[in-house]
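Please look through the sequence and the structure shown below, and keep both at hand while reading this report.

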Amino acid sequence: MTSKEIIEYLTMAGSSIVFILSLFIVMLVAACFLGRYIVITKKLFIASLGIFAIQVLGLIIFNVAMAKINPALYQALDNPGNAELVAAAGISADEIVLIQYAYALIQNGAVFLLAFVIYLMANKEKKVLRAIEATVCLYIYYWYVNTMFQYAYIYLKGGKAETLLLLSALDETETWQLNFFSIPIFLIINIVLFLILYFRYYKKKKFYVIKISHRILFVVWLLVFSAFPSIPLAFEGLSEQYTALSHVFAVIIPILGGIVPVLLVMTVTEKSLQEKNQYQETYLQAELEYIEQYKRTQTETRAFRHDIINNLSLASMMLDEGKTEEAGQHLKDLLGDVRALSPAIITGDEMLDCIVSMKSDKMKELGIKFTLDGVADGGLNMKPIDVCSVFANALDNAIEAASKCTENLWVDMNIKRTAKFFVIRISNSAMQKVDVEKLFMTSGYTSKADTEHHGFGLRNIRNSVEEYDGLVKAESTDDEFALSVMIPRKLV
């Protein structure tokens with residue numbers, strides 16, 4: 001193997017790493033900023049290694065096969081600038097370029113096909129559509145960054161149109177120089193982007209859906225910036241002053257084309273994420289304050305029940321004194337008070353008791369019939385704020401849907417225990433069948449007019465439940481909707 005071939009394989013390996021990182025960057029952006037339900041596993045990383053097989057091994061197989069089948073053509077392809085070798089192969093220079101383009105097209109097609117398969121594995125909703133979307137975004141991202149580096153390289157070379165023509169013709173010298181210039185920088189940028197996206201956002205489950213207006217603005221920025229650097233290349237015979245200017249432009253291009261959009265998206269996203277979190281925290285804080293108030297009321301109720309003994313003693317004294325009627329009336333009043341003070345809601349989890357009691361009062365006000373069956377003995381083994389996030393949201397959704405019905409308004413909560421799970425099923429009357437798949441899209445689904453702040457409830461339910469290795473399932477018919485939450489039991 002010659003030194004030239006070794007360099008070629010190393011370059012291809014570096015390009016493969018860059019492509020793999022680009023693949024996962026698009027995946028992370030889709031998960032963290034576009035609201036796509038994506039799960040990144042070790043299988044995906046292993047599958048992505050197929051990029052090496054396609055690019056590096058594919059190049060080795062192609063070179064070995066061509067060297068054995070048609071040595072003259074192999075020599076011509078390896079040295080397209082050598083007119084004697086090209087003539088000896090019996091083809092023209094244009095045909096050499098065509099073969100190179102065909103090989104690149106087949107190789108790139110195989111690589112993007114594998115990327116499509118990986119995106120299919122990663123997406124958990126609307127797999128085919130999301131995989132197509134991600135593959136297109138990957139192509140645009142890869143094309144955009146390569147275009148930026150190409151522009152930067154051309155301007156560093158003096159901003160001459162001849163350089164662009166040589167690159168378009170796959171000139172060997174220019175192509176190698178461009179690769180040595182772009183691949184290391186592209187690799188560093190991708191590593192930094194991947195680490196930021198994975199550890200700052202995906203790992204910490206910081207998900208946010210960027211507004212459509214912001215997406216359009218970002219795409220317009222990319223399109224404009226990918227076009228205007230090519231305008232000076234249409235002019236030939238530029239002065240030496242422009243050559244100096246082009247070197248400055250070469251430095252500005254990566255900054256404006258790459259760093260500024262990323263910083264802009266991160267800033268907007270961080271601000272919007274803080275606003276969304278503040279809204280959710282305000283909601284949960286209000287819920288928890290109400291629950292604390294309810295718990296204090298329950299404490300006072302329990303204290304009052306301690307006075308029952310004194311009241312019973314008084315009734316006994318009345319009987320001893322022969323005041324039968326007074327004692328009977330006193331006992332009836334006392335019995336009514338005790339029944340009123342006894343907890344009507346018992347779920348087996350203290351926080352869930354408070355939430356269900358609070359929501360049942362709301363349902364009484366709205367004329368919604370509520371039934372509760374079953375007990376989660378031993379509690380749900382969840383943090384109070386997570387119990388609130390899951391079941392306050394779930395019951396609110398059920399109440400809202402039931403309240404829209406014109407008749408037969410009802411909400412039912414059923415708690416069952418299996419060998420390993422507590423299964424809490426919350427069902428309610430509904431006006432029509434809903435799209436369950438759309439309901440659980442991480443981009444948020446809501447019928448409320450305030451789409452900016454609503455539509456995150458079901459996503460929060462799923463995120464909170466998955467923190468405990470639980471599952472969430474939804475079912476819908478023409479007149480009923482049911483949400484089942486499976487929480488692993490604490491096994492002793």
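## A serine in a helix

Is Ser-360 buried or exposed? The model is a predicted one, and in it Ser-360 has a relative accessible area of 9%, which is under the 20% that marks a residue as buried, so Ser-360 counts as buried. Ser-360 is part of helix 14, which covers residues 350-366, and, when residues up to four places away in sequence are left aside, Ser-360 touches Ile-345 and Phe-370.

Because Tyr-141 belongs to helix 7 (residues 127-156) and Phe-186 to helix 9 (residues 172-202), the pair ties together parts of the chain that are 45 residues apart in sequence. Tyr-141 is buried, with a relative accessible area of 18%, and Phe-186 is buried as well, at 3% relative accessibility.

Phe-186 also pairs with Tyr-142, with the ring centres 5.7 Å apart and the planes at 40°, so that this pair too is tilted. Here again distant parts of the chain are linked, since Tyr-142 lies in helix 7 and Phe-186 in helix 9, 44 residues apart. Tyr-142, at 16% relative accessibility, counts as buried. Ring pairs join these residues into a cluster that consists of Phe-19, Phe-112, Tyr-139, Tyr-141, Tyr-142, Phe-149, Tyr-153, Phe-181 and Phe-186.

## A nonpolar patch on the surface

On the surface, a nonpolar patch is formed by Trp-221, Val-251, Ile-252, Ile-255, Leu-256, Ile-259, Val-260 and Leu-263, which together have about 640 Å² of accessible area. Helix 11, made of residues 240-305, supplies the largest share of this patch, namely seven residues.

Ile-252, a member of the patch, is found in helix 11. Its relative accessibility is 34%, so Ile-252 counts as partly exposed, a class that lies between the limits of 20% for buried and 50% for exposed.

## Two paired strands

How do strand 4 and strand 5 run, and how many bridges join them? Strand 4 (residues 471-476) and strand 5 (residues 480-488) run antiparallel and are joined by six bridges. The bridge partner of Ser-476 is Phe-481, which lies in strand 5, and a hairpin of three residues leads from strand 4 to strand 5.

Terms used: Residues are numbered from 1 along each chain as its sequence is written. This is a predicted model: local features need pLDDT of at least 70, side-chain atom pairs count only at pLDDT 80 or more; totals for chains, interfaces and linings use all residues. Side-chain values use heavy atoms; hydrogens and water are left out. Two strands pair if DSSP finds at least two bridges between them. Helices (H or I, at least four residues) and strands (E, at least two) are DSSP runs, numbered from the N terminus. Patches are made of residues with over 30% relative accessible area and no salt bridge: like charges are joined within 9 Å, nonpolar side chains (Val, Leu, Ile, Met, Phe, Trp, Tyr) within 5 Å. Accessible areas come from the Shrake-Rupley method with a 1.4 Å probe; for residues, only the protein chains shown count as cover. A salt bridge is a side-chain nitrogen of Lys or Arg within 4 Å of a carboxyl oxygen of Asp or Glu. Buried means under 20% relative accessible area, exposed over 50%, partly exposed in between (1.4 Å probe, protein chains only). Contact means heavy atoms within 4.5 Å. Rings of Phe, Tyr and Trp (its six-membered ring) pair if their centres lie within 6.5 Å; planes under 30 degrees apart count as stacked, over 60 as edge-to-face and the rest as tilted.
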